[in-house]
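Please look over the sequence and the model that follow. The report after them walks through the main features step by step.

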Amino acid sequence: MRRKSISKVLAAVMACAVAVSGCGGSGQTSGGSSAPAEPGATGAGEAGTAAGAAQEGSKTLKIGAASDIMTLDPHDQNQTNTGDLFISIGSQLFKRDLDFQVKGDLCTEYEQVDDLTWTFKIRDDASFSNGDPITIEDVKWSLDRVSSDEGLVAYIYFKYIDNVEIVDDATIKVTTESPRPDMTSLLCMPSSTILPSKFIEENGMEAYIKEPVSSGPYLLKEWIPDDHYTLTPNPDYYGEPATWEEVVVRAIPESSTRVSELLTGGVDLIYNVPVNEWERVSNNTDGYGTSLVYGETSRIMLMLLRMTDGWVCQDPLVREAIECAIDKNAICDTLLLGAGTPTRSRIGSSVVGFNNDLFGSEKGDMYDPERAKELLAQGGYSEGQIEVNMTASSGRYLMDAEMAQMIAAYLEAVGIKVNLELVDATVLSNMFSAKENKDLFLIGLSDGQYDGCYPLAQFCDPIRTEGQSDYDNPEIVKLYQQARVEKDPEKRAALSTQIQSIAAEDRPQVCIAQMKAIFGVSNRVVLNPRMDTNILPDEVSLAK
């Protein structure tokens with residue numbers, strides 16, 4: 001068998017990983033970690049029950065996030081944490097519920113008139129926090145902006161909107177340049193947030209960004225960059241009243257610090273509990289006590305490879321050698337303790353277009369270090385001749401720094417020298433958006449639209465590929481254009497599957513694992529995880 005036990009150097013990386021990620025607080029153990037709870041479980045025990053009386057009237061929710069929000073312009077972002085904010089303070093035509101079904105938000109009814117034409121009718125009782133009603137003019141202005149301004153991050157997803165026309169005071173007609181069977185899911189995205197056009201035209205976008213005029217269940221009370229933001233209820237919200245009197249979302253980049261804040265009551269829930277802290281979080285009985293909550297996600301941990309002319313990953317032999325060098329099963333089993341599944345697919349297993357032939361312990365892993373060495377020799381590279389710069393975050397994703405260390409050790413073992421740079425979550429996001437990635441860029445990407453065409457844009461749309469991966473495959477582009485307009489769900493999925501197969505061999509990205517979400521939760525609250533990993537305040541409740 002070609003799979004061997006983890007080498008001494010990788011064992012050393014694992015020991016270092018435990019030491020690094022477990023450094024926040026005393027009494028932690030490096031072994032015996034327990035598995036997370038089932039989705040929705042809180043594990044409230046005696047400590048939570050004993051504290052029950054004390055929690056009455058405690059209506060502040062405190063969240064420990066791995067990174068800060070990026071901007072207060074909803075159209076100029078594509079980041080989970082920032083999206084959380086705009087779902088809470090903004091309005092979209094549609095939203096997804098906990099079951100991930102598309103539901104009307106501002107939209108009360110809609111019709112697909114023909115392949116290219118949609119009409120949407122909006123409610124008449126919605127207003128912005130400055131007292132202005134939300135009008136059909138605001139909807140047109142917002143959709144016009146996000147679909148025409150090429151400088152906006154979200155433009156890539158909305159650029160297919162050809163025309164937005166007001167039909168009457170409550171109805172808008174949207175025409176696309178080609179069929180968009182995914183239109184309603186597109187209009188669920190936080191980047192489709194409806195903005196106050198009158199306010200912005202009179203005061204400018206800078207004024208809005210300085211003090212957002214909101215329309216969702218919450219208002220943004222304050223944002224202290226790199227520290228926290230605070231939400232308070234919107235008394236004029238058209239929907240159900242806000243659950244919490246105050247929501248504080250703190251940016252806590254270090255995993256160990258997030259765990260310590262959870263255990264000491266500084267926050268009620270956190271993202272990405274390191275595996276060596278699972279037992280401590282599960283068995284904590286101080287205060288209300290804490291538990292692990294498990295959730296499925298579409299997030300794929302992957303390495304983006306720069307294929308630009310003159311860069312080492314331009315060579316397909318090098319790209320294949322990189323994938324063959326990495327033991328994804330060891331990463332998922334030994335490092336993540338089952339909180340990840342090996343994959344070669346950019347599309348998550350819960351998303352339409354997923355390719356099952358590229359997923360799992362056998363099909364998702366190509367580990368063969370001898371093959372990697374042969375490929376490098378075939379390309380004329382002697383051991384140590386190839387040197388790559390690799391960037392990864394520390395604390396943004398579950399065991400991300402430790403995963404990067406393992407990958408670097410695997411590559412070194414086949415003769416590729418790695419210069420590893422670990423940065424915080426905000427720096428990583430900014431580098432990704434600015435296309436400042438180097439040879440290898442480890443990042444976790446999810447599917448904000450839950451449609452295969454959303455993540456596949458990274459292979460097929462020049463806006464995403466140029467200056468980042470510089471991947472260009474005309475066959476993939478042709479298939480993508482077909483998939484994007486295909487109305488038959490089965491044919492659409494088949495096209496996405498085919499694209500994935502080609503991309504898996506071309507390797508503009510080397511996918512590592514589809515991740516599970518591991519939340520640490522105080523037993524004073526109940527969290528029901530979402531597939532998109534968004535944490536929405538009104539989907540968190542006080543434990544009874």
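What share of the residues in the protein is buried? Of the 544 residues in the protein, 58% are buried. Keep in mind that this is a predicted model.

## The overall picture

The secondary structure comes to 20 helices and 19 strands. The protein exposes about 21,000 Å². Carbon and sulfur atoms supply 48% of that area. Now consider contacts between residues at least 6 apart in sequence: 72% of them join residues at least 24 apart.

## Salt bridges

Side chains of opposite charge can pair when their charged atoms come close. In this model the count comes to 21 salt bridges.

| Pair | N to O distance |
|---|---|
| Arg-145 and Asp-73 | 2.8 Å |
| Lys-173 and Glu-165 | 3.6 Å |
| Asp-470 and Arg-306 | 3.7 Å |

Start with Arg-145 and Asp-73, whose side chains meet in a salt bridge. Arg-145 lies in helix 5 (residues 136–148), and Asp-73 lies in the loop between strand 1 (60–65) and helix 4 (80–89), so the pair ties together parts that are 72 residues apart in sequence. Arg-145 is buried, and so is Asp-73.

Lys-173 and Glu-165 form another salt bridge. Lys-173 counts as partly exposed, at 27% relative accessibility. Glu-165 is partly exposed too, with a relative accessible area of 35%.

Asp-470 and Arg-306 also meet in a salt bridge. Asp-470 lies in the loop between helix 18 (462–465) and helix 19 (474–485), and Arg-306 lies in the loop between strand 12 (290–305) and helix 12 (316–325), so this pair ties together parts that are 164 residues apart in sequence. Asp-470 counts as partly exposed, at 29% relative accessibility. Arg-306 is buried, with a relative accessible area of 7%.

Salt bridges can also link up. Which residues are linked in a network of salt bridges? They are Glu-323, Lys-328, Arg-344, Glu-505 and Arg-507.

## Two residues with positive phi

Arg-507, a member of that network, has another feature. Its phi is positive, about 60 degrees, although Arg-507 is not a glycine. Arg-507 lies in the loop between helix 20 and strand 17 (509–522). Why does Arg-507 count as buried? Its relative accessibility is 3%, and buried means under 20%.

Met-399 has a positive phi as well, near 55 degrees, and is a residue other than glycine. Met-399 lies in the loop between strand 14 (386–393) and helix 15 (400–413). Met-399 is buried, with a relative accessible area of 6%.

Ala-339 lies in the loop between helix 13 (328–335) and strand 13 (340–342). Is Ala-339 buried or exposed? Ala-339 is buried, with a relative accessible area of 1%. Leave aside its neighbours within four places in sequence. Ala-339 is then in contact with Trp-278, Cys-332, Leu-398, Gln-514, Met-515, Lys-516 and Ile-518. Take Gln-514 from that list. Ala-339 and Gln-514 are 175 residues apart along the chain, yet their C-alpha atoms are separated by 8.5 Å.

Thr-533 sits in the loop between strand 18 (525–527) and strand 19 (540–542). Thr-533 is buried, with a relative accessible area of 9%. Which residues does Thr-533 touch, not counting those up to four places away in sequence? Thr-533 touches Thr-80, Tyr-271, Thr-297, Arg-299 and Ala-517.

## A helix residue and a charged patch

Gln-498 lies in helix 20 (residues 489–506). Gln-498 is partly exposed, with a relative accessible area of 37%. The C-alpha atoms of Gln-498 and Ile-476 are separated by 8.6 Å. Along the chain, Gln-498 and Ile-476 are 22 residues apart.

Finally, turn to the surface. Where do Glu-222, Asp-226, Asp-227, Glu-254 and Asp-424 gather? They gather in a patch of negative charge on the surface. Asp-424 is found in the loop between strand 15 (416–423) and helix 16 (425–433). Asp-424 is partly exposed, with a relative accessible area of 35%.

Key:
Residues numbered from 1 in each chain as written. Predicted model: local features only at pLDDT ≥ 70, side-chain atom pairs only at ≥ 80, totals over all residues. Heavy atoms only, no water. Patch = residues over 30% accessible without salt bridge, like charges linked within 9 Å, V, L, I, M, F, W, Y side chains within 5 Å. Areas by Shrake-Rupley, 256 points an atom, 1.4 Å probe, with all protein chains shown as cover. Salt bridge = Lys/Arg side-chain N within 4 Å of Asp/Glu carboxyl O. Lys, Arg positive; Asp, Glu negative; His and termini not counted. Charge placed at Lys NZ, Arg CZ, Asp CG, Glu CD. Helix = DSSP H or I, 4+ residues; strand = E, 2+ residues; numbered from the N terminus. Buried < 20%, exposed > 50% of the residue type's maximum accessible area, 1.4 Å probe, protein only. Contact = heavy atoms within 4.5 Å.
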